[in-house]
Amino acid sequence: SLFLHSFAGSLAIVRNGKPFTDGKYVKTFMPDAADEPFDDLLNKDKIIKQIQDMPLTARTVHDRTIVMANNVEETQVKDINAAPFFSLSLDESTDVSHLSQSSMISRYAVGDTLREESLAVLPIKGSTRGEDLFKSFMEFPQEKNLPMDKLLSVCTDGALCMVGKNCMVGKNKGFATLLREHENRPILSFHCILHQEALCVQMCDGQFGKVMSLVIRVINFIVARALNDRQFKTLLHEVGNNYPGLLLHSNVRWLTRGKVLSHFAAFLLSRRYDRTSEPAQSENARHWKQSVITLANTLELFIMDLETASEPIQNFDVHQLAGFTSSLLPLFKARFGEFHEHAHLFKFITHSNECSLSPANLSYIPGVSVRDFEAELADLKASDMWVNKFKSLNEDLEIISRQKAELDELILKTWNALPVTYHTLQHVSTAVLTMFGSTDACEQSFSHLKNTKSNLRSRLTDESLNACMKLNLTKYQPDYKDISKSMQHQNLH
């Protein structure tokens, strides 16, 4: 019992981002905290004694973490081998000790559930060229026996892809190119759609670009200086602004652009803001104020649901929005090409009765017969029952359109409900659902990486870091009983 409890205690320590040495602290405060609640129990002394006897030294917590991470990894590899396909999302970042870390997230289907799991955080000791990333990556599937013949697609951040040099998706020695050459078959590669969207925004020139640049300079001037920041917060309190302060923005944290602008515009809308006395300065200030509010309103239109809008946006220029949208069109056409190229493939999973796929689309999916696919699709389109089922699916998708995880699993359940005679269509739909469109899962893993390997734990080893990250990010629960049997078997030998 104490043996299993130590695993549960170690897992709680790791998942809360605490150091291994906190096991000693847990054993100190738990008996004190349990003294009053357990006062009426006859076996109170026995419970406290078990807590005190629980093995939770730093070495024990470390060893338990490694063992549990290995147990989760075995389950991941087992499920990937049982799945028809899997896809990967890869990204690279630098930790607090200036070591490059590559995050590898896998997506695959287990029954009616789509799993998104962190397979590994791989350290890259030297340079981070495409060859280095590929070499570091290939060591993992070879060691863990991952079925690389089931790998369907890879999504990366598209680093340096615009210059076409050594990058994740470059044509010369990029990661995706090296992977295709190694596997000797076509593998889909996608440039993260969120990164591409951010790059489009950065390339927008003209008045809006100048306004955003000015906003960032003003915010940095205020927030980066302690006295300015204190005085500004006092001013916010005086005018009754809802925000406690301004948000910092940088090109690295490009997803904060909209929030930074909305906070800044909310302050400008405060009634007591404009205190400028000189007419020339007042006119210039009013001009920039109007420009900032217009830009904020323009971005708001892109993210709000116009059908549910209760009132019109104030100070909004429709003609300026039209010009802004027109300038974005060529940028969007130049990008997102890989997603547009496979649009029919993505549409198939929800509108199978309305579209057809070419042999070129199906060539990326291993083990799919074009002849069987066409025959099953023709039979599906001829069946009113299955056509109506997919119409009902689309109605349900509109209702729960906000929850992406629920959308994917609802689509997967619908396809799995089809009889075995449509197994080729089921394979294609499962393949599409496993694809990544962005590297947001990798970005989230780097947030955990920053909390796990901090300035206070900068000497965390690669093995320990990988184990902590896996237990933090996984949705699997370590099997304590299986681990116990395995450890007892090892002790006998």
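Good morning. The model is a predicted one, in which local features need pLDDT of at least 70, side-chain atom pairs count only at pLDDT 80 or more, and totals for chains, interfaces and linings use all residues. Residues are numbered from 1 along each chain as its sequence is written, and side-chain values use heavy atoms, with hydrogens and water left out.

I begin with the sheet. Helices (H or I, at least four residues) and strands (E, at least two) are DSSP runs, numbered from the N terminus. Five strands, in the order E3-E2-E1-E4-E5, form an open sheet with mixed pairing; two strands pair if DSSP finds at least two bridges between them. Strand E3 (113-124) and strand E5 (188-191) are at the edges with a single partner strand each, so one side of each has no neighbour in the sheet. From one strand to the next, the twist averages 20°. Strand E1 (residues 86-94) and strand E2 (residues 100-110) run antiparallel and are joined by 9 bridges. Thr94 has Ser100 in E2 as its bridge partner.

Across E1, E2 and E3 lies helix H5 (residues 130-144), which runs at about 120° to E3. Here axes are lines fitted to C-alpha atoms, for helices over the stretch in contact, and angles run from 0 to 180 degrees between N-to-C directions.

Rings of Phe, Tyr and Trp (its six-membered ring) pair if their centres lie within 6.5 Å; planes under 30 degrees apart count as stacked, over 60 as edge-to-face and the rest as tilted. The count by this rule is 8 aromatic pairs. One of them is the edge-to-face pair of Phe134 and Phe175, at 6.3 Å centre to centre and 65° between the planes. Phe134 belongs to helix H5 and Phe175 to helix H6 (residues 175-183), so this pair ties together parts 41 residues apart in sequence. Buried means under 20% relative accessible area, exposed over 50%, and partly exposed in between (1.4 Å probe, protein chains only).

The ring centres of Trp386 and Tyr422 are 6.4 Å apart with planes at 75°, so this pair too is edge-to-face. Trp386 is in helix H17 (residues 384-399), while Tyr422 is in the loop between helix H18 (404-416) and H19, 36 residues apart. Trp386 is buried, at 12% relative accessible area, and Tyr422 is buried at 4%. Ring pairs also link Phe348, Phe373, Phe390 and Trp415 into a cluster.

Phe373 also takes part in a helix contact. Helix H16 (residues 370-382) packs with helix H19 (residues 423-433) at an angle of about 100°, the axes being 8 Å apart. The two helices are therefore roughly perpendicular (65 to 115 degrees). Asp372, Phe373, Glu376, Leu377 and Leu380 of H16 meet His423, Thr424, Leu425 and Val428 of H19, where contact means heavy atoms within 4.5 Å. These residues comprise 5 nonpolar, 2 polar and 2 charged.

Val61 counts as buried at 0% relative accessibility. Which residues does Val61 touch, not counting those up to four places away in sequence? They are Ser10, Ile13, Phe20, Gly23 and Leu56. The C-alpha atoms of Val61 and Asp22 are separated by 8.9 Å, with the two residues 39 apart along the chain.

Notes
Angles under 35 degrees count as roughly parallel, over 145 as roughly antiparallel, 65 to 115 as roughly perpendicular and the rest as oblique. Ala, Val, Leu, Ile, Met, Phe, Trp, Tyr, Cys and Pro count as nonpolar, Asp, Glu, Lys and Arg as charged, and the others, Gly among them, as polar.
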